[in-house]
2 protein chains.
Amino acid sequence: MPFSFDLLKEDTETNARAGAIHSPHGDIPTPVFAPVGTLATVKALSPADLYQLDTPLILGNTYHLYLRPGADLIAEFGGLHNFMGWQRPILTDSGGFQVFSLKGLREIDDDGVTFRSHIDGSKHRFTPEKVIAIQEQIGADIIMVFDECPPHDDYDYNLISLERTHRWAERCLAAQTRSDQALYGIVQGGVFPDLRAKSAKFLASLDFPGYGIGGLSVGETKADMRAMLDILHPLLPRFKPRYLMGVGSPEDLFECVARGVDQFDCVLPTRIARNGAALTHYGRWNLRNAKFARSRQPIEAACTCYTCQNFTLAYLRHLVKANEILGHHLITLHNIHFMLETMRRIRQSIFDGTFAAYKAEFLSKYQVAGSKQQGVSSSFQSPII
Amino acid sequence: MPFSFDLLKEDTETNARAGAIHSPHGDIPTPVFAPVGTLATVKALSPADLYQLDTPLILGNTYHLYLRPGADLIAEFGGLHNFMGWQRPILTDSGGFQVFSLKGLREIDDDGVTFRSHIDGSKHRFTPEKVIAIQEQIGADIIMVFDECPPHDDYDYNLISLERTHRWAERCLAAQTRSDQALYGIVQGGVFPDLRAKSAKFLASLDFPGYGIGGLSVGETKADMRAMLDILHPLLPRFKPRYLMGVGSPEDLFECVARGVDQFDCVLPTRIARNGAALTHYGRWNLRNAKFARSRQPIEAACTCYTCQNFTLAYLRHLVKANEILGHHLITLHNIHFMLETMRRIRQSIFDGTFAAYKAEFLSKYQVAGSKQQGVSSSFQSPII
């Protein structure tokens, strides 16, 4: 069996879970945060950097890779692992989120979606079968069913869309030919408890090896997102991993692990790094800020990453202001280290029975400095460019 | 004596020399190629990368550092080495080349130059004394006199300009207060043998610890550049290093080492890398070329750099086409490795008495694939931006 999940510990105070996914390219300790490598590279980091950071899992975007360099090419190179020089686990999304974000460039029907490339306007069609075939060519360890990601707050549309997403999930299962990839189902249903419950029950009946939770990083409030997770926790199969797609600010990790989530991915730490923002235990810092101009401190003195061990805030600010590639690299390195290290501590705290205390401590400090996103989800999937 | 130069070997067939510069931040084997770190970073590489590549010397640009982050700030951090986290030798230019390239934004008089910043239009003034003070704040191991870099082909202007450059050289010497920095004089004189000879003789009389050769990467032909070096070789002090400023394509290294040059710097390997061009023993390759789309080969199979050990041309082409930062990084890494490794081999061949043979072999291969620059210098200093 190339893929399995061991649930190793369940927290007694919250719904937090610690486990391990076993995949063809190695084990993935859970809960896990996966950096996003849209185009066969986690932006501004090399595979050597990712190994150095002990990254357990990265994500590739099927839509983007299908267009560039093309799934045929990746297959010719023996799959994405070989193509990009990364021999640890990879997950690909189904392209659904990206295709549906192509407003005005796509048409949905019950069989699939016809869309135009955001690069050259060329016409393409994704169906459940096609998306599975592409993901089999790309060859990730974990692949996702083709789903529709509808507006979160339109009940009538969600009702119709959910039926289609469920039929597509069945077609994806039927289309799968490779036995060495784990195909996850994706729960949809917007912010509507009955639809979410319906989706979870239906997909659970199909016995997927894991479950994505989609449509929860698209503008709904954090309260809505958390409410949906609370509804899903008892309905999703206990011994299967749950993957909250496109979500993963530091505060999200704590709140959603507490609600039973095992997997996360988010462009946030890499994207904000390229805008000059660093993650710290006191919140996000904009390193362009003049107050850092003469600071001899690293981003965080206790941080063990290469950036914090070697560079001052003054130097990082200089690089950001001058738009130097090294600035993008060093802050990305720190932010990914921050996310992975925070997740490692969360996991250990679950084993130690101290997760709730660690969560309270982290969030009290993190909120003191004030993340600006109150109420609205600060996490986001990666729309087209 | 914090700075000295040992001439260790002179070639019998050419004017090539092998030696070692001893500086406060370590020894610099010569001949040496210095990557350019304009704004306190060699673009797309970290100090860890530069150590890994065994880079003996890097260059910082005084004009750029004076404007961003400012010499005062760098001084506050104990100098550029500490500010950027690089504890090996650094050389700063005098800012002359950059200031004089600010056509329409600068006015020259006999005392100095008044110019406007290319960033915010603010007004500044460089004099020989000011430029030495700035370079003392930046704290490089090797610093340069403030010189005028005139159009290479205007004899009358070069005649006037040369007198001024010589008076400025004397003023720079008089202005120097630190004893732990080597201040190099700079030979000017355009493409005019009599002016070059005059300049070399005058500057030699001032007994600088080293000599820059300026104004030879500004559009003159390669034949002119080489002719000037042939004139200068017997006139420059034998036991002082000679630094050909802003020059350093692969072919230049061979042709100019053969004419007695000990030091080079050039933005070429880093700049072309960011445009997707890789240096190879067969010439420069544009990695965007469709012929690389399905290539499983590295840039060069025999190359020991991280890029060639781990990545195919197909993957690099994909990164370049997608404008991914990792592409800039990996190709820069390869190009700098190529330059440093080529220079290490040149130096060894001088010791072995095989330099002329190595030069002939390298240039026969390198020219087979056809560098497009015939006649005109393919090397260039770094103008503003």
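The following questions and answers set values computed from a predicted model against the definitions behind them.

Residues are numbered from 1 along each chain as its sequence is written, while chains are lettered from A and ligands numbered from 1 in the order in which they are written. Local features need pLDDT of at least 70 and side-chain atom pairs count only at pLDDT 80 or more, whereas totals for chains, interfaces and linings use all residues.

Q: How many residues of chain A are in contact with chain B, and which helix supplies the largest share?
A: Two residues are in contact if their C-beta atoms, placed from the backbone, lie within 7 Å. On that criterion, 30 residues of chain A are in contact with 30 residues of chain B. Helices are DSSP runs of H or I with at least four residues, strands are runs of E with at least two, and both are numbered from the N terminus. Helix 13 of chain A gives the largest share of the side that touches chain B, 5 residues.

Q: Why is Phe115(B) counted as buried?
A: A residue is buried if 20 or more other C-beta atoms, placed from the backbone, lie within 10 Å of its own, exposed if 12 or fewer, and partly exposed in between. Phe115(B) has 21 C-beta neighbours inside 10 Å and therefore counts as buried. Phe115(B) belongs to strand 8 (residues 113-116) of chain B. Beyond residues up to four places away in sequence, Phe115(B) touches Val99(B), Leu102(B), Leu105(B), Arg106(B) and His124(B).

Q: Are Ala44(B) and Asp54(B) buried or exposed?
A: Ala44(B) is buried because 25 other C-beta atoms lie within 10 Å. Asp54(B), with 12 other C-beta atoms within 10 Å, is therefore exposed. Ala44(B) has a positive phi of about 80° although it is not a glycine; Asp54(B), not a glycine either, has a positive phi of about 55°.

Q: What makes helix 6 of chain A largely enclosed by the rest of the structure?
A: Of the 11 residues of helix 6 (residues 128-138) of chain A, 8 are buried, so this helix is largely enclosed by the rest of the structure. Among them are Pro128(A), Val131(A) and Ile138(A). Gly139(A), with a positive phi near 80°, follows helix 6 of chain A.

Q: Why are helix 7 and helix 8 of chain B called roughly parallel?
A: Axes are lines fitted to C-alpha atoms, for helices over the stretch in contact, and angles run from 0 to 180 degrees between N-to-C directions. Angles under 35 degrees count as roughly parallel, over 145 as roughly antiparallel, 65 to 115 as roughly perpendicular and the rest as oblique. Helix 7 (residues 155-175) and helix 8 (residues 193-205) of chain B pack at an angle of about 10°, with their axes 11 Å apart. Helix 7 and helix 8 of chain B are therefore roughly parallel to each other.
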